[in-house]
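Q: Could you take me through this structure step by step? I have not worked with it before.

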Amino acid sequence: LKKLYFKTGIWLFAWALCAHASLTPSNNKPINGKVYDAVTGNPLAWVDIYIAELNRSASSAKDGCFKFADIPAGEFTVFISRVGYTSKHEHLLIQKDSSRVQLNIGLWPESYETETIVIEDHRNHSHLQEPDIDLSGKDLRRNLGETLAETIKDQPGLDQQTNGPAPARPVLRGLSGDRLLLLENGKRTGDLSATAADHAVTIDPLNAKRIEVVRGPAALAFGGNALSGVINVIRQPSHLTQLDVINGQATLSGQSVNSAFISAVSVEIPYQNFQLYFDGGYRQTQNLHTPAGELKNTATNIINGSGNLFYRYDRFNFSVSGGLYHSSYGIPPSLPELGHINGIDIQLNKNHSEAKVEINNPLSFINKAYVLYDYTDYYHKEISRNNFVDAAFAVKTQHASFKVDFSDLKWFKNTEAGVWTELRAFKAGGRTNTMDTDEKSYAAYAYTEMDFRPFLLSASVRLERKEVIPEKEDFDFRVGHIRKRIFQDWAASVKFEYGLTESWRVGAMAIKAFRAPGIEELFSDGPHLPSYAYEVGNANLEQENTLGIDLNIIYESNALFMKSSVYYNRIDGYLFTQNTGQRSWRRYDLFLYKMVGLDAVIKGFEYEIDFDITSALSLKLALSYLEGNLKENWIYTDPERQITDDEFTPYKTGIDEPLPFMPPLKGRLGLEYKRGKFSALYSARFAAKQNRPGRAEAVTAGYLVHDLNLEYIISSESLLQTIALSSSNIFNQTYRSHLNRIKEIFPEAGRNFKLLYKFYF
Amino acid sequence: MKKYIFMILSLLTMLFIYACDTDKTVDSHEEHADAVGMRILSSGAVLTSYVRTDTAEFKAIELTEGEESPHLDIEFYDDEHEEWFVPETADHYSLQIVIADTSITDYEQHEGEEGSFEFHLHGKKQGNTSAVFRIMHDDHADFESRPLRVEVVSAAQ
C-alpha cells in the first residue's frame, strides 16, 4: 500500500506542476527554414541545426527543410553544420509580435570531406560539464565490444574487471563498484553489477548513441559516492532534436573469436507533437577462444529493447519509457580444487519503466523543471550442476526525482538543484544467507558554474542519507550484529579551469565523497560459487570517506591535443572484499573473502596525445598508471569470526601494501590514416608487468598486442552506411589482464576478426 | 483533443508501471547444516578428526590392498552448538564422498544405506590418494571437508 501511495503521490505532484504552468499562456513561435548548397542551390539533407541558448536542435529533411516549434521570443545563436560543408552560425532575433520566423541558409562545400559525422543529439552540458571521455560516432563503432566495459576499456584511466567474457564492469582510476556509477540515459541501472564480479552490467552498448565519462562536480548530481565519476550511456533520444522524418539506425555484426552474431535496430518516428522511439538488440555468442584453448561455459544470449513515447504540448514535455534486458550467460569452470568444475549458468531479467514530465519556463527564474519516476524490477539466478539454483537475487528499485534548472544570474550559470529518493527492496535466496533487506536513500543537491573568463569555476554539493533496514534484527557470529543502519553525510566538489593562453589551459578538481556500505557488504554470508568465494559481510562496517584531488594541463591547437593529469585520492575505510588467503571452514573448496573497510591511497597519472602529422595521418597515445596502497591491514587469526574493535584493531603496516585488482601501467598507441570516406587505425595495446599484487593475488606479466580497424563510409541523400572490418590480437598472443578474476585459469581472447555493418536512415 | 490524448497516455503509463510490478519469487532461506569439522569413527573409536583449523588429530586412514575397511561412521562438528552431529537423511541431507584416484581406493554403501553417513572403504591397489566428504543438502554441498589422505598398503606390510 505504501508503494501505491508513493507512486500516486509522484503523479499527483506532476499533475499539479502541469496545472500551474498551464495557467500561463504561451507566446512561443515556430521557426521554419531551409538549407541549400550555396554553389548549386540544391537542397541539403542531413544538416544539423542547433539553437545554443535553448539547447535544441533539428535536422533537415531531403528537401532541405527543417522546423522548430515553440520557440520563445529572444536572441539566439543558431549553429549549422553538415559533413562536407563549412559550418556556420547565425544570430537570430525573435520578437514577441513575430508571427512566424523563416530561416534560409546556404552552406559552402568544403574542398574535401574529412570525417563523416552521424547526426546525434546534442549534449546537454556546458564546457565545464564536458565529459572527460566522450565516445560516439566512429570512435564508438571502432571500440564497440561485447560489454560496456569492453567498449571503453582502452580509454585513458579506464580498464575492465572481468570474470569470464559476459560479466565485465568498468574500472576508472582503479575504482569500480559503487564508486563508479553506471547510468543509462542518466538513470541508474538497478542491477547488482556493483556487488560481485559475476553479476553482469545490464547495459548493452549495441544501441548506445554516445558514452560519456564525467568526473567532479557534475558527477555528484548522480550520487555522493561517485568519487571515481559516472559513466553515462545515452541510448534514447533526449528530444532536444525535433524530427521531421523517420530516422534510425541498424547494426549487423559478427566475430570469429566466439562465433558471435549481433543485430540491433533503433527507430525514431515523429508525428505532429509526438515522437516515438524504440530499439532492440540481440546478441548470441558461443564459447570464447583463447590461445590456450576454448574457455568453456562462456556462451551468452542477450535480448534487450526499449521504447519511449514523447509528447510536446505548449511548454510541457511528457515522456514515458519502458525497457527490458534478458540475458543468460556462463561463468567458466574453476580449477579442479576450487568451487565449481562445471561452471555456473546465470539467468538475468530486468524490466524497467519510467515517466517524466518536463516544464519549460514555469517561473521567471526557472528555465526548466522536471519530475521523474522510474521503476526497475531485477532478478537473477545462479544455477550450478543439475539445474540447481545455487543463489537467486531480486531487487525492486523505485526512484523519484525533481530537478530545477535556474536561469543564469550574473556570474552564476547553468545552475541546477534537485531532490532525489530511491527505495530498494532486496531479496536473496538459495544457499546465500544474506538477509532480505530494504534500502531507502534520500538526497538533495545543487550545481552551479561561475564564469570569470579566463577563469571558470564549477561547484556542487550533495546531502545524502541512506537507511539499510534488514527484515529482522539478529546476531550472527560471522557477520556480526545485523540491525538497521543509517548513514548520512555530505559530498562536495569544486573544479576550476584557467586559460593561460589560447592554446594552454590548466585545471584542478577537488572532491569530498562518501560511500555507505551496501546490503551485501553488510550482511552477506555464504558460498558464492561464480566468484569462487565464500563471502562473509560485516554488519559493523562504517562508511567510506574520500578526499580527492586532480590536476591537469591541456594544450590544444588545430593539429595537436595533449592532456596530462595527476590525481591523489585518500580513502578512509575503503570498502572491499578481501581474500583472507584461507579456506572456508564450511566449504574447504572455497577461499574465504571478508568485507573490510581499511584506509587506502590511490594515486596516479594519465597522459593523452592526439597529433595530426598530416591532414591524413595522425598519431594517438593514451597512457595510464596508478598505485593503490593500503595503509593498514588485518592479521587474520580467526577469519571466520567477526572481529570487533574490542578484540582486535587493524595494524598499521608502516609500508604500502598493494590493493588488490589494481591495473598496471597500460596504454595504447595508435596511428590513424583518413582519406575521404576511408579510415584505418592501427593500435598497439600494452601493459607493464603488475608486480605489486594485492594479498593472495599473483603477479601478472606485461603484454603488447596489435589491433587493426578499417572502415569505409557510403553516404547518399537518405542513407548513411558504415562497414568496418577489424582484427584484435592479430598475432594471437597469449596475454593476461591483471583485473581478470580467472587469469590463472585462462588468458584473454585470442585473434579475432570482426565485421560491423551499420546504416543510418 | 490533445488534452484527452495526454490523459489517456498518462493513464496508460500508470497502468504500465503497475503492470511491471510483478513479484519474482526468491526461495526463502532454508536451514543449512553448519559444520566446521568432521570425524570418522569405527566401532565408536575415532580414527581421524579435525575442527576448524585444529588438525592435530587429522590423520591419514590406512587401508590394506584388496581388503574392505570396517564399517565407518562420519560425524560433523556444529559450529553454533559446539557439538558433534549426524545430519538427518529425512531432512534431505546425504553424504557424498569424492575420491581423487578411485583406482587406489573407493567407497561403498550397503544397499538401502546410499547417501547415509555410514560407509566402507576399499583398498584397491597400493598408493596414496585423498578423499573429500560433503554434506549434500538436496543437490548442493552445505559442507565440504579438507581432503583426507588415504594410504593403501600391501597385505604383506
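**Strands, cores and rings**

A: Please keep in mind that this is a predicted model. In chain A, strand E27 (residues 437-452) and strand E28 (residues 455-470) run antiparallel and are joined by 16 bridges.

Q: How many residues lie between E27(A) and E28(A) in the hairpin?
A: There are 2 residues between the two strands of that hairpin.

Q: Which residue in E28(A) is the bridge partner of A:Tyr442?
A: The partner of A:Tyr442 is A:Arg465.

Q: What else is E28(A) joined to?
A: E28(A) is also joined to strand E31 (residues 485-499) of chain A, through 14 bridges, and these two strands run antiparallel. Within this pairing, A:Leu457 stands opposite A:Phe496 in E31(A).

Q: What holds paired strands together in general?
A: Strands of a sheet pair through backbone hydrogen bonds, in either a parallel or an antiparallel manner.

Q: Now the open sheet of 3 strands in chain A: what is the strand order?
A: The order is E4-E1-E7, and the pairing is mixed. Strand E4 (65-71) and strand E7 (101-107) are at the edges with a single partner strand each, so each has one side without a neighbour in the sheet. From one strand to the next, the twist averages 20°.

Q: And how do E1 and E4(A) run, parallel or antiparallel?
A: Strand E1 (residues 29-37) of chain A and E4(A) run antiparallel, with 5 bridges joining them. A:Gly33 stands opposite A:Phe66 in E4(A).

Q: Changing topic, which residues touch the most other members of the largest nonpolar core?
A: They are A:Tyr329, A:Phe426 and A:Phe523, in a core of 40 residues. Several elements of chain A supply at least two residues each, including strand E22 (316-331), strand E26 (412-430), helix H4 (519-523) and strand E37 (591-612).

Q: What is A:Phe523 in contact with, leaving aside its neighbours within four places in sequence?
A: Its contacts include A:Met435, A:Val468, A:Pro470, A:Val479, A:Ile482 and A:Ala539. Among them are also A:Asn433, A:Thr434, A:Thr437 and A:Arg483.

Q: On to the rings: how many aromatic pairs does the structure hold?
A: Over all chains there are 22 aromatic pairs. One of them is the tilted pair of A:Tyr574 and A:Phe576, at 5.4 Å centre to centre and with 40° between the planes.

Q: Are A:Tyr574 and A:Phe576 buried or exposed?
A: Both A:Tyr574 and A:Phe576 are buried. A:Tyr703 and A:Tyr735 form a tilted pair as well, with 4.6 Å from centre to centre and 45° between the planes.

Q: Which parts does the pair of A:Tyr703 and A:Tyr735 tie together?
A: A:Tyr703 lies in strand E42 (residues 703-715) and A:Tyr735 in the loop between strand E43 (720-728) and strand E44 (752-760) of chain A, so the pair ties together parts that are 32 residues apart in sequence.

Q: Why does A:Tyr703 count as buried?
A: A:Tyr703 has a relative accessible area of 18%, and buried means under 20%. A:Tyr735, with a relative accessible area of 9%, is also buried.

Q: Which residues form one aromatic cluster?
A: A:Phe274, A:Tyr311, A:Tyr313, A:Phe316 and A:Phe318 form one.

Q: Where do the charged ends of A:Lys410 and A:Arg583 sit?
A: The charged end of A:Lys410 sits over the ring of A:Trp411, 4.9 Å from its centre. That of A:Arg583 sits over the ring of A:Phe591, 4.6 Å from its centre.

Terms used
Residues are numbered from 1 along each chain as its sequence is written. Chains are lettered from A and ligands numbered from 1 in the order in which they are written. This is a predicted model: local features need pLDDT of at least 70, side-chain atom pairs count only at pLDDT 80 or more; totals for chains, interfaces and linings use all residues. Side-chain values use heavy atoms; hydrogens and water are left out. Rings of Phe, Tyr and Trp (its six-membered ring) pair if their centres lie within 6.5 Å; planes under 30 degrees apart count as stacked, over 60 as edge-to-face and the rest as tilted. Buried means under 20% relative accessible area, exposed over 50%, partly exposed in between (1.4 Å probe, protein chains only). Helices (H or I, at least four residues) and strands (E, at least two) are DSSP runs, numbered from the N terminus. A charge sits over a ring if NZ of Lys or CZ of Arg is within 6 Å of the ring centre and within 35 degrees of the ring normal. Two strands pair if DSSP finds at least two bridges between them. Axes are lines fitted to C-alpha atoms, for helices over the stretch in contact, and angles run from 0 to 180 degrees between N-to-C directions. A nonpolar core is a set of buried Ala, Val, Leu, Ile, Met, Phe, Trp, Tyr and Cys residues joined through side-chain atoms within 4.5 Å. Contact means heavy atoms within 4.5 Å.
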